Amino acid sequence: MLLADVARVSREVAETSARSRKTALLAELFAAAPPEEAGLVISYLSGRLPQGRPGIGWRTLGQEVEPAVDPALTVRDVDTAVGELATVSGAGSVERRSRILADLLGRATAAEQAFLRSLLSGEVRQGALDAVALEGVAAAAGVPAAALRRAVMLDGSLPRVAVAVLAEGEEALRTVTLRVGQPVQPMLAGTAKSVAEALAVLGPCAVEEKLDGIRVQVHREGDDVRIYTRSLDEITGRLPEVAELARSLPGERFILDGEVIGRAADGRPVPFQEIASRVGSRVDVEAARRTLPVAPYFFDVLAVGEDVLLDLPVRERYAALTALVPEAARVRRLAVEDPGEHGAEAEAEEFWAEALRRGHEGVVVKALESTYAAGRRGKHWLKVKPVHTLDLVVLAAEWGHGRRTGLLSNLHLGARTADGTYAMLGKTFKGLTDEMLRWQTERLRELAVDDDGFTVRVRPELVVEIAYDGLQRSSRYPAGVALRFARVLRHRPDKTPTEADTVDTVLGSHTT
C-alpha cells in the first residue's frame with residue numbers, strides 16, 4: 001500500500017470531528033490494505049512505530065529535502081527504513097541516521113514528508129487512536145466491535161489481531177484466549193474529584209491505596225516466571241525479587257496484576273523516577289538490587305490454574321487473590337459494602353488521607369461487582385488523587401504538527417527563582433483547546449524574541465495555570481525536579497509574572 005493513501009486518510013481523519021466519519025475512513029483504508037500490511041497501516045495511523053521511536057531529534061527531522069513529485073513510497077519501504085534507523089548505533093550513527101532519513105524523505109511527496117515527520121517524532125495525534133482504529137477494523141472485517149475489542153484485550157496487540165481478522169474474519173477471534181505467558185492490556189482507572197464522588201458513583205466498592213511505582217503483570221507457569229510492564233514489555237531479568245516472590249507462592253499457574261515500589265530507610269516509598277531507573281535496561285541488576293531493593297504489591301488476579309477470572313466480579317477475584325498472595329504482598333484496601341451506611345464515607349476519606357500520609361498517590365475505588373475490562377479506562381475503577389496546581393510563566397513554545405501545524409503548542413514552563421529569573425520545570429501541550437491554541441499563538445508571537453523554526457523563545461510575561469500529578473527528580477532542569485503529567489487549565493493574562501509561583505514554593509509543597 002502506498003504511504004500516500006495512509007497520509008491522506010490521516011489528514012482526512014484529523015479534519016473531521018465526527019467519530020462515525022473517522023471510523024468509515026479508516027474502515028475503507030483497512031479493507032483496501034493487503035492483510036499482511038494491515039498491521040503496519042494500523043500502527044502508523046495510531047501514531048506508533050513497531051520498532052519504537054528511533055531517537056531522531058527535530059534538527060535532523062527538519063532537514064530540508066526536495067520532495068518527490070509523484071507518490072511511489074510504500075508502507076513496506078517506510079518499515080524497512082525505520083528498521084535500519086533503529087539498528088544504527090556507535091560512532092558516526094548521527095550521520096548514518098541523517099543519511100537514511102534523507103533518502104526516505106527524498107522518496108516522499110510533500111504530504112508524505114509531513115506525515116513521516118509527525119510519525120517519527122511521535123506527533124501523530126489526529127484522533128485515529130486505538131479505540132477508533134479498532135472500530136475501523138471491525139467495520140472493515142465485518143465483525144462485532146465488542147468481540148474484536150475482547151480479542152485485542154487478550155492478545156495485547158490491535159495490529160496483530162487485525163491482520164488475522166481481516167484475513168480470516170470472525171473465526172480468527174475465536175482462537176484468541178487468555179494465556180499464561182502472553183501479557184494482556186491492563187485495566188485502567190477513570191478519575192473522580194473526591195472519595196465521596198467515587199462512592200456515590202460506584203456503590204458497594206473497595207478503596208485501595210494507589211501506589212506510585214511500576215505497574216506489573218506477573219505470569220507463572222511452573223518455575224517459569226515472566227514479568228511485563230503496563231506497555232507489555234518484558235522486564236523479568238530486571239526484577240529478580242519479584243520473580244522470587246512469584247515462585248514462592250502456592251499456585252503453579254497464575255497471572256497477577258500489581259505495582260512494584262521501593263522504600264527509603266524511613267519506610268516511605270521512593271519517588272517513581274528512582275523505580276523507573278531501577279528497571280532501566282542498562283542497570284547492573286545485582287548492584288541496583290543492593291542499593292534499591294523493590295517489592296511487588298498485588299491488587300488483582302486474572303487467572304489461577306486453568307480458570308480465567310476476567311469475568312468474575314472484583315469481590316470474587318479478590319477472594320482468589322487472598323488465597324494465593326500473603327497480606328504483606330497485597331495492596332492495602334478497605335471494603336465499603338454500603339457507602340450510605342453511617343460513618344462509611346468518613347472511614348473511606350480517612351483511608352485516603354492515611355494513604356497520602358504514607359507517601360502514596362491517593363486511592364483507587366473499585367466497584368465490587370465489576371469485571372476486569374482489560375485495556376480500557378473504565379467507569380468501574382476511579383482514582384482519587386489530590387489536585388496540584390501552579391501558576392507558571394511560559395518561557396518558550398514549540399511549533400505544532402499534524403492538526404496543530406502553524407500553531408504554537410508545546411509550552412516550556414518556568415517558576416520564579418530568588419534572583420528574578422525563571423527555572424524551567426517541564427513542558428506540556430495537554431489541556432489546550434483549539435481556541436486556547438489560537439489565542440496563545442497570537443499572544444506568544446507578540447512576545448517572541450527568537451524563532452529557529454522549531455522553538456519560539458518569548459519574553460517571560462504570559463502566566464498559565466497548570467495542573468499536575470506531582471514532581472519527579474530530574475537532572476535536565478535547573479531546579480532538579482520536573483512536573484509529572486502537567487496540563488494547561490487556563491491562561492492567566494490577568495496575572496503578572498511576579499505573581500507566578502516560585503521554585504521554593506514548588507519544592508516546599510512536595511517531598512521528592
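The crossing of helices H3 and H10 is right-handed; a crossing is right-handed if the near helix is turned clockwise from the far one by less than a right angle, left-handed if anticlockwise. This is a predicted model, in which local features need pLDDT of at least 70, side-chain atom pairs count only at pLDDT 80 or more, and totals for chains, interfaces and linings use all residues. Residues are numbered from 1 along each chain as its sequence is written, and side-chain values use heavy atoms, with hydrogens and water left out. Helices (H or I, at least four residues) and strands (E, at least two) are DSSP runs, numbered from the N terminus.

**Helix packing**

- Two packed helices are described by the angle between their axes and the distance between the axes.
- H3 (residues 35-45) and H10 (residues 158-168) pack at about 145°, and their axes lie 8 Å apart.
- Axes are lines fitted to C-alpha atoms, for helices over the stretch in contact; angles run from 0 to 180 degrees between N-to-C directions.
- On the H3 side, the contact is made by Pro35, Ala38, Gly39, Ile42 and Ser43. H10 supplies Leu158, Pro159, Ala162, Val163, Leu166 and Ala167. Contact means heavy atoms within 4.5 Å.

**The sheet**

- Five strands form an open sheet in the order S4-S3-S5-S6-S7, with antiparallel pairing. Two strands pair if DSSP finds at least two bridges between them.
- S4 and S7 (307-308) stand at the edges with a single partner strand each, so one side of each has no neighbour in the sheet.
- Helix H16 (residues 314-324) packs on this sheet and touches S5 and S6 (294-304). The direction of H16 makes about 125° with that of S6.

**Strand S3 and its partners**

- S3 (residues 214-221) is mostly covered, with 7 of its 8 residues buried. Buried means under 20% relative accessible area, exposed over 50%, and partly exposed in between (1.4 Å probe, protein chains only).
- S3 and S5 (residues 253-262) run antiparallel and are joined by 8 bridges.
- S3 and S4 (residues 224-229) also run antiparallel, with 6 bridges between them.
- Arg220 stands opposite Phe254 in S5 and opposite Val225 in S4.
- Further along the S4 pairing, Gln217 stands opposite Tyr228, and Val216 opposite Thr229.
- The hairpin of S3 and S4 has 2 residues between the strands. There, Gly222 takes a positive phi near 65°.

**Nonpolar cores**

- In soluble globular proteins, nonpolar side chains tend to be buried together.
- The largest nonpolar core holds 74 residues. Such a core is a set of buried Ala, Val, Leu, Ile, Met, Phe, Trp, Tyr and Cys residues joined through side-chain atoms within 4.5 Å.
- Val6, Val41, Tyr44 and Leu148 have the most contacts inside the largest core.
- Leu148 touches Leu134, Val137, Ala138, Val143, Val161, Val165 and Leu173, leaving aside residues up to four places away in sequence.
- A second, separate core has 30 residues, including Val394, Leu425, Val464 and Leu471.

**Salt bridges**

- The count comes to 40 salt bridges. A salt bridge is a side-chain nitrogen of Lys or Arg within 4 Å of a carboxyl oxygen of Asp or Glu.
- Arg99 and Glu95 meet in a salt bridge at 3.5 Å, N to O. Both lie in helix H6 (residues 93-106), 4 residues apart, about one turn of the helix. Glu95 counts as exposed because its relative accessibility is 55%.
- Arg317 and Asp300 form a salt bridge at 2.8 Å, N to O. The pair links distant parts of the chain: Arg317 sits in H16 and Asp300 in S6, 17 residues apart. Arg317 is buried, at 1% relative accessible area. Asp300 is buried too, at 4% relative accessibility.
- Arg459 and Glu461 also meet in a salt bridge, at 2.8 Å, N to O. Arg459 is partly exposed at 34% relative accessibility, and Glu461 is partly exposed at 33%.
- Salt bridges with shared partners join Lys210, Asp212, Glu361, Lys385, Asp469, Arg484 and Arg487 into one network.
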